[in-house]
Amino acid sequence: MQLHSIIKKKTTIEGKGVLNNRISEHILSNLSQIGIKNHLVKRLNMREQIIKLVEIIPIEFIVRNVATGSITKRLGIEDGTVLKEPLIEYCFKDDKLGDPLISEEHILAFDWASKKEIDKVKKMILRINDFMIGMFRGVGIKLIDFKLEFGRIKIDGINEVILADEISPDTCRLWDSITEKKLDKDRFRKDLGDLIPAYTEVAKRLGILHEQSNVSAVNITKLSSVKRKKK
Ligand code: 5GP
């Protein structure tokens, strides 16, 4: 995320990791099925996953379908402007520098990735975006924007670039298709409250949690504390 000040808002929200773990597993497994190689091996339990070790490319790939967030501030674009085509932006992964926006030329100049890798990643991003737009549209959610990361790995002796890191309401902006209610981390960033109910709503709509299940912030908190005590 682009930072406009040095202070980063941070806190631990009980239960969020459990929901993100399930949502990310769901999305990455579905992406695997359409041929997008990614780091997920399997979800181990409520809070942990086994993932493939990759050499992470130090770039955050931001994909935007609708302008909101940092781009509106940076360029004075009206919030909610629908983009004609998906827009891919690159940020250099460095917390101390606030993940600054960079161009493809910077990536090549400093050898952060090769032209071949960038071209491959761009193709993957557009397929991932198409798939995720459809998946969320089917459950009444607009995929506004999201962040992806990629890593290098050798598979059967061949160098590959695969999707790495989680995909969840922490890394995507998700708005209800009708009401435009925010169902993502902006509830925390903008102090809107009700973050766990929003993430739960996303999980329920994706069919990960049953509609009738009485999973609530309290229940998830209890479950996660039990898990921790066992360790
Ligand atoms: P923006 O640049 O507007 O702040 O963020 C664009 C999109 O990328 C949002 O969906 C946001 O959640 C995601 N994003 C950008 N940087 C980060 C980051 O460092 N961490 C996480 N979790 N998401 C990010």
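Visitor: How do the residues of the lining of the second largest pocket divide into nonpolar, polar and charged?
Guide: First, a caution: this is a predicted model. The lining of the second largest pocket has 8 nonpolar, 2 polar and 4 charged residues.

Visitor: Which residues lie nearest the centre of the second largest pocket?
Guide: Asn65, Ile133, Arg137, Lys142 and Leu143 do, out of 14 residues that line the pocket. Two or more lining residues come from each of strand S4 (59-67), strand S5 (81-92), helix H4 (115-137) and strand S7 (141-155). The largest share, 5 residues, is given by S5. The space in this pocket is about 240 Å³.

Visitor: Now the helices. What describes two packed helices?
Guide: The angle between their axes and the distance between the axes describe such a pair. Take helix H1 (residues 16-33) and helix H6 (residues 195-205): their angle is about 20°, and their axes are 10 Å apart. Angles under 35 degrees count as roughly parallel, so H1 and H6 are roughly parallel to each other. The crossing of H1 past H6 is left-handed.

Visitor: Which residues make the contact between H1 and H6?
Guide: From H1 come Lys16, Leu19, Asn20 and Ile23, and from H6 come Leu195, Ile196, Tyr199, Thr200, Val202 and Ala203. By class, this contact has 7 nonpolar, 2 polar and 1 charged residues.

Visitor: At what angle do H1 and H4 pack, and how far apart are their axes?
Guide: The angle is about 125°, with the axes of H1 and H4 11 Å apart. H1 is therefore oblique to H4. In this pair, H1 passes H4 in a right-handed crossing.

Visitor: Which residues of H1 and H4 meet?
Guide: On the H1 side they are His26, Ile27, Asn30 and Leu31; on the H4 side they are Ile128, Phe131, Met132, Met135 and Phe136. The contact of H1 with H4 has 7 nonpolar and 2 polar residues, and no charged residues.

Conventions
Residues numbered from 1 in each chain as written. Predicted model: local features only at pLDDT ≥ 70, side-chain atom pairs only at ≥ 80, totals over all residues. Heavy atoms only, no water. 1 Å grid on protein atoms, 1.4 Å probe; cavity = no way out; pocket = protein on both sides within 12 Å on 5 of 7 lines; lining within 4 Å. Points joined across faces, edges and corners; volume = space filled by probe spheres on them. Helix = DSSP H or I, 4+ residues; strand = E, 2+ residues; numbered from the N terminus. Nonpolar A, V, L, I, M, F, W, Y, C, P; charged D, E, K, R; others polar. Axes fitted to C-alpha atoms, helices over the stretch in contact; angles between N-to-C directions. Parallel < 35°, antiparallel > 145°, perpendicular 65-115°, else oblique. Left-handed = near helix turned anticlockwise from the far one by under 90°. Contact = heavy atoms within 4.5 Å.
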